[in-house]
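Subject: A structure for you to look at

Hi there,

Here is the structure I promised to pass on. Please open it next to this email, and then read on for what I found.

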Amino acid sequence: MSQRVIRRPVVEHLTGLSRSSIYAMIANGEFPAQIKIGIRAVGWRQSEIESWIENRSNQSADFKNVS
């Protein structure tokens, strides 16, 4: 099964996060880590980013139900 790898600008667009926020969240274990795709290039598995977005959406919905 092939997985699409997306670059940082696409990740920023999909999540609405800035570059510094993405890397800070990776350091805190709150965001999927990047994978090395070349000597000076990294990317993210699209499926992992989509899952992260879905989990954030579910957490937001759970928070609204508690309030």
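Does I53 count as buried, partly exposed or exposed? I53 counts as partly exposed because its relative accessibility is 27%. Here buried means under 20% relative accessible area, exposed means over 50%, and partly exposed is in between, with a 1.4 Å probe and protein chains only.

Before going further, a word on the background. This is a predicted model, in which local features need pLDDT of at least 70 and side-chain atom pairs count only at pLDDT 80 or more, while totals for chains, interfaces and linings use all residues. Residues are numbered from 1 along each chain as its sequence is written, and side-chain values use heavy atoms, with hydrogens and water left out.

**The overall layout**

The chain has 3 helices and 3 strands, and from the N terminus on its elements run β-α-α-β-β-α. Helices (H or I, at least four residues) and strands (E, at least two) are DSSP runs, numbered from the N terminus. Of the 67 residues of the chain, 22% count as buried.

**Back to I53**

I53 has its place in helix α3. Not counting residues up to four places away in sequence, I53 touches L14 and T15; contact means heavy atoms within 4.5 Å. Along the sequence, I53 and T15 are 38 residues apart, yet their C-alpha atoms are 6.9 Å apart in space.

**Where α1 meets α2**

Helix α1 (residues 8–15) and helix α2 (residues 19–27) have axes that come within 10 Å and cross at roughly 90 degrees. The axes are lines fitted to C-alpha atoms, for helices over the stretch in contact, and angles run from 0 to 180 degrees between N-to-C directions. The two helices, α1 and α2, are therefore roughly perpendicular to each other, a label for angles of 65 to 115 degrees. On the α1 side, R8, V11 and E12 meet R19, I22 and Y23 of α2. By class, this contact of α1 with α2 has 3 nonpolar, no polar and 3 charged residues. In the loop between these helices you will find S18, which is partly exposed, with a relative accessible area of 34%.

Which residues of α2 are buried? They are I22, M25 and I26. Seen down the axis of α2, these buried residues fall within an arc of 105 degrees, so they line one face of the helix. The arc is that of the directions from the helix axis to the C-beta atoms. On the other side of α2, S20 and A27 are exposed. After α2 comes G29, whose phi is positive, near 75 degrees.

**The nonpolar core**

In soluble globular proteins, nonpolar side chains tend to be buried together. The largest nonpolar core here has 10 residues in all: I6, V11, L17, I22, M25, I26, F31, W44, I49 and W52. Such a core is a set of buried Ala, Val, Leu, Ile, Met, Phe, Trp, Tyr and Cys residues joined through side-chain atoms within 4.5 Å. The elements that give two or more residues to this core are α2 and α3 (46–66), and the largest share, 3 residues, comes from α2. Leaving aside neighbours within four places in sequence, M25 is in contact with L17, E30, F31, W52 and R56.

Enjoy exploring!

Best wishes

Conventions:
Angles under 35 degrees count as roughly parallel, over 145 as roughly antiparallel, 65 to 115 as roughly perpendicular and the rest as oblique. Ala, Val, Leu, Ile, Met, Phe, Trp, Tyr, Cys and Pro count as nonpolar, Asp, Glu, Lys and Arg as charged, and the others, Gly among them, as polar.
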